[in-house]
Amino acid sequence: MQDTSSSFLQGTPDAIASRLMQKAHLRDGLPEILVGLLFLLAAGFNFMSASLPRASTGLKIAFLADIGLFVVLSVGTFWLLKWVRRQFLVEREGYVRQKTNRRKLARILVGGLIVFFLVLYAALFMRLPNMDNWVLAGTGLYVGAIWAFIGRSRRFVVSGLLDAVTGIALAFARISVENRLGILFTVMGIVALLSGCVVFVRFIRQPREAGE
């Protein structure tokens, strides 16, 4: 999991510092675990909506409730992650106060995902020709690209490729788009959750004096 390649240490001092901070932020696997749980939440909504009539009031209420819950949990994960690390992992990880620009970047990424999912579900309600297939493929490619870009390590690239391939494959499936989205988010959630759990277990088993 360690990245000691020369390319990792190339660039300006600010770029190198940014990559090292990102590596330290992701080394315990907790961000992946939280994102995986969010994806599984989105999967549950899609499987639930598959059993409701598309134009029903119940589906619209469920849609708004899911978006609201997703927004709250997405924003809340930053505080939850910080609290867990301070309470249980400070002896292993130490404490680092993130610079404002990194917090701003995190908010931009979360905001971008929220806007993307809003546009995604709006497109589904519009029922444009072949929109379902484009939504599936686009979701897999978008999330996979963001995942690989944020992590910038082998496990994130592999996870991103799996997300992209799953989205493209489901675009050709002959089942409802809600079920296909549910499957896509389930796959993305399980991949992120398993990856995060493996990394977390390895991190906990490291001797405290070994560091990284």
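Visitor: How many of the residues of the protein count as buried?

Guide: In this predicted model, 39% of the 212 residues of the protein count as buried.

Visitor: Which elements does the protein contain, helices or strands?

Guide: The protein has seven helices and zero strands. Along the sequence, the pattern reads α-α-α-α-α-α-α.

Visitor: What makes α5 and α6 antiparallel or parallel?

Guide: The axes of helix α5 (residues 131-151) and helix α6 (residues 154-170) cross at roughly 175° and come within 7 Å. Angles over 145 degrees count as roughly antiparallel, so α5 is roughly antiparallel to α6. Among the residues that make the contact are Leu136, Gly140 and Trp147 of α5, and Phe156, Ser159 and Asp163 of α6. By class, the contact of α5 with α6 has eleven nonpolar residues, six polar and one charged.

Visitor: How do you know which way α6 and α7 run, parallel or antiparallel?

Guide: The angle between α6 and α7 is about 165°, and their axes are 10 Å apart. This angle is to be set against the cut-off of over 145 degrees; α6 and α7 are therefore roughly antiparallel to each other. Their crossing is right-handed. Residues of α6 including Arg155, Leu162 and Thr166 meet residues of α7 including Arg180, Val187 and Ser195. The contact of α6 with α7 comprises eight nonpolar, four polar and three charged residues.

Visitor: What is the relation of α5 to α7, parallel or antiparallel?

Guide: The axes of α5 and α7 come within 10 Å and cross at roughly 15°. Angles under 35 degrees count as roughly parallel, so α5 is roughly parallel to α7. The crossing of α5 and α7 is right-handed. In this contact, residues of α5 such as Val135 and Trp147 meet residues of α7, among them Leu181 and Phe185. The classes in the contact of α5 with α7 are ten nonpolar, three polar and two charged residues.

Visitor: How many aromatic pairs does a search of the whole structure find?

Guide: The search finds two aromatic pairs.

Visitor: Why is the pair of Phe39 and Phe185 called stacked?

Guide: The ring centres of Phe39 and Phe185 are 6.2 Å apart, and the planes stand at 20°. Centres within 6.5 Å make a pair, and planes under 30 degrees apart count as stacked, so the pair of Phe39 and Phe185 is stacked.

Visitor: What does the pair of Phe39 and Phe185 tie together?

Guide: Phe39 lies in helix α2 (residues 30-49) and Phe185 in helix α7 (residues 177-205), so the pair ties together parts that are 146 residues apart in sequence. Both Phe39 and Phe185 are buried.

Visitor: What makes the pair of Trp147 and Phe156 tilted?

Guide: The ring centres of Trp147 and Phe156 are 5.3 Å apart, with the planes at 55°. Planes under 30 degrees apart count as stacked and those over 60 as edge-to-face, the rest being tilted; the pair of Trp147 and Phe156 is therefore tilted. Trp147 and Phe156 are both buried.

Terms used
Residues are numbered from 1 along each chain as its sequence is written. This is a predicted model: local features need pLDDT of at least 70, side-chain atom pairs count only at pLDDT 80 or more; totals for chains, interfaces and linings use all residues. Side-chain values use heavy atoms; hydrogens and water are left out. Rings of Phe, Tyr and Trp (its six-membered ring) pair if their centres lie within 6.5 Å; planes under 30 degrees apart count as stacked, over 60 as edge-to-face and the rest as tilted. Helices (H or I, at least four residues) and strands (E, at least two) are DSSP runs, numbered from the N terminus. Buried means under 20% relative accessible area, exposed over 50%, partly exposed in between (1.4 Å probe, protein chains only). Axes are lines fitted to C-alpha atoms, for helices over the stretch in contact, and angles run from 0 to 180 degrees between N-to-C directions. Angles under 35 degrees count as roughly parallel, over 145 as roughly antiparallel, 65 to 115 as roughly perpendicular and the rest as oblique. Contact means heavy atoms within 4.5 Å. Ala, Val, Leu, Ile, Met, Phe, Trp, Tyr, Cys and Pro count as nonpolar, Asp, Glu, Lys and Arg as charged, and the others, Gly among them, as polar. A crossing is left-handed if the near helix is turned anticlockwise from the far one by less than a right angle, and right-handed if clockwise.
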